[in-house]
Amino acid sequence: MIFNELDKFKESFLWGSASAAYQVEGGYNIDGKGLSIWDKFSEIPGTTYKNTNGKIAVDHYKQFKKDVSLMKEMGLKAYRFSIAWSRIYPNGRGEINEKGLEFYDDLIDELIDNNIKPIITIYHWDLPQYLQDLYGGWESREIVDDFNNYCITLYKRYGEKVKYWVTLNEQNIFMLLGYKIGIHPPRVKDEKRMLKANHIASLANAKAIISFREYVTNGMIGPSFAFTPNYAYTCKPEDVLARENAEDMNCHWWLDIYCFGNYPAFAFNFYEKQGIAPEIEDGDLELLEKGKPDFIGINYYRSETIEENDINGISNFHEINTSGKKGTSKDYGIPGSFKTIKNPYLERTNWDWEIDPTGLRVGIRRINSRYRLPILVTENGLGEFDKLEAGDEINDDYRIDFIRNHILACRQAITDGVELLGYCTWSFTDLLSWLNGYQKRYGFVYVNRDENNEKDLRRIKKKSFYWYKNVIKTNGEEL
C-alpha cells in the first residue's frame, strides 16, 4: 500500500537501543561472577575473529554510568540490556551472588533516574558453564527448572521497576549455530540434538512466561526472534513452494511454538520422516499453550530469497562471512525443500547481509497477520568498518541511511495497522561482535579499542549519534 500520508508514532513509542552482557560488560571473573560457555569457548584458538573475547569487552561493567549519561544526552527512551545468568548464579543454580544483583540494581536505577525505560533480556546466549558441564545445558530438561528459578529471582528483584522483559534472545540462532553448524558453543553438529535442545528451550521459555505473570504486575514479556522473512526468487510455482518451506522451517518452527503452542505441520512432518523430530512428552503441549507471550520481539537485519532445491541439491551452511570480506559467504539450503539465492534487487553489507528496509515492513505485517500480537523491534542496525578521523569525527552516513530507511518502514507498518511498541537499534555503543571481533561496529558511540589492544576505551560520539538524537526529539518526524 502506498499512502499519501503516514500515521505518526505514538507519544509512548519506545525509541531505544540494545546490547548484551557478554558483548559489552567485561568484568568476566570479578565480584563473584561465574564463567559462561562463551568465556570458555572464546579461549579455544580459532573460534573467534583474531581470538577476541569478552573478558574486558567495552568495559560497560565499570563504565555504565558514563554510558547511561550518553544515553540521556541522546534522549533515549529505552535501553534493552541482558543480565548475565552466571553473574547472578555463578553455577547457574544454588547460591545467589548478591554483588551481581547489586550491579543490575545500580544500572536499572541509573536508567530510571535518567528517564530511560529498562528492557531486560533474561538470556542472551551466555549459559553458565557449570550447567553445561553438569548436564549438557539445553539438552537436559533439568534446565527448565534452573532457568525458571533464575527468572523468578529476577522478577522478584526487578519486577516493580522493570515492565518490559525479553525471555530468550534469538533462540533460533543460538540453537542453529551452537547445535547444528557448530560454530558457537557447545560446538555440536547434530540436527537431532539441535531439535531436542530447541524443544527444551521452548519449554523453558513458556514456563518463564507463566512465572512472570505470578510475580510482575502491569508488565509485558516475550521472546526475541531473529526474523528473516523470505521471498520467492520467481513466480515459478516451485520457487513459491520452496519459499513456503523455508518460512515454515526458518520462522514458523519457532514463532508458532511461542504463539500457538504447537509446531507447524509441514516442518514437523519433514523432521519426523527423517527420525529427528523432537520428542514431545506428556504435558509439553499444555505448558507451551499456557506460556504464550504478550508481544513478539524481532531482531531484523536482512531478508532472504529462496528458490527450488532438488533432492540432491545444496545443504546446510558452507561458509559464513565473519571477516567482513564481501562476497565470501555461500548460499545454503535443505535438499528437496529450498535453497537461498542472491536477490538481484538488493545491495549487501560487507558481511554479505542484504540491505532491505521493505523486508522489515513485510516481516512485521506477516507476523501481525499470523499472530495478532504487538511487536517490538528489539534489534536493527548496521555493522560496518567505521573510521576514526581527525578531530574525533566518525562520519557514518551509511548507518544513518540504513536506520532512517528502516524507521520509515516501521512507520509504514504502523500505517498498515500494526501495533508497534518501539524500535531498538543494535547497538548503542560499539561492542564485541560474537565471531567478528571489534572491527564490525554497530554503535552510535565509537569505543576506542580493537582486536589487539584495549587502548583507552574512550567513548566518541559518531555522526549518527546526533542524527538519532533528533529523530527521538521529533518522535520520528524528522528522519
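In the predicted model, the lining of the largest pocket comprises 9 nonpolar, 2 polar and 6 charged residues. Of the 15 residues lining the second largest pocket, Gly46, Thr47, Ile183, Thr322 and Leu435 are the closest to its centre. By class, 7 of the lining residues of this second pocket are nonpolar, 6 are polar and 2 are charged.

The structure contains 41 salt bridges. One of them pairs the side chains of Glu379 and Arg80, with an N to O distance of 3.2 Å. Glu379 belongs to strand S11 (residues 375-379) and Arg80 to strand S2 (residues 78-82), so this contact ties together parts that are 299 residues apart in sequence. Glu379 and Arg80 are both buried.

A salt bridge also joins the side chains of Arg93 and Asp146 (3.0 Å, N to O). Arg93 lies in the loop between helix H4 (85-88) and helix H5 (98-113), and Asp146 in helix H7 (residues 142-158), so the pair ties together parts 53 residues apart in sequence. Arg93 has a relative accessibility of 29% and therefore counts as partly exposed, whereas Asp146, at 10%, counts as buried.

The side chains of Arg141 and Glu281 form a further salt bridge (3.4 Å, N to O). The two residues are 140 residues apart, with Arg141 in the loop between helix H6 (129-135) and H7, and Glu281 in the loop between helix H11 (265-274) and helix H12 (284-290). Arg141 is partly exposed at 29% relative accessibility, and Glu281 is partly exposed at 37%.

Note on methods
Residues numbered from 1 in each chain as written. Predicted model: local features only at pLDDT ≥ 70, side-chain atom pairs only at ≥ 80, totals over all residues. Heavy atoms only, no water. Nonpolar A, V, L, I, M, F, W, Y, C, P; charged D, E, K, R; others polar. 1 Å grid on protein atoms, 1.4 Å probe; cavity = no way out; pocket = protein on both sides within 12 Å on 5 of 7 lines; lining within 4 Å. Salt bridge = Lys/Arg side-chain N within 4 Å of Asp/Glu carboxyl O. Helix = DSSP H or I, 4+ residues; strand = E, 2+ residues; numbered from the N terminus. Buried < 20%, exposed > 50% of the residue type's maximum accessible area, 1.4 Å probe, protein only.
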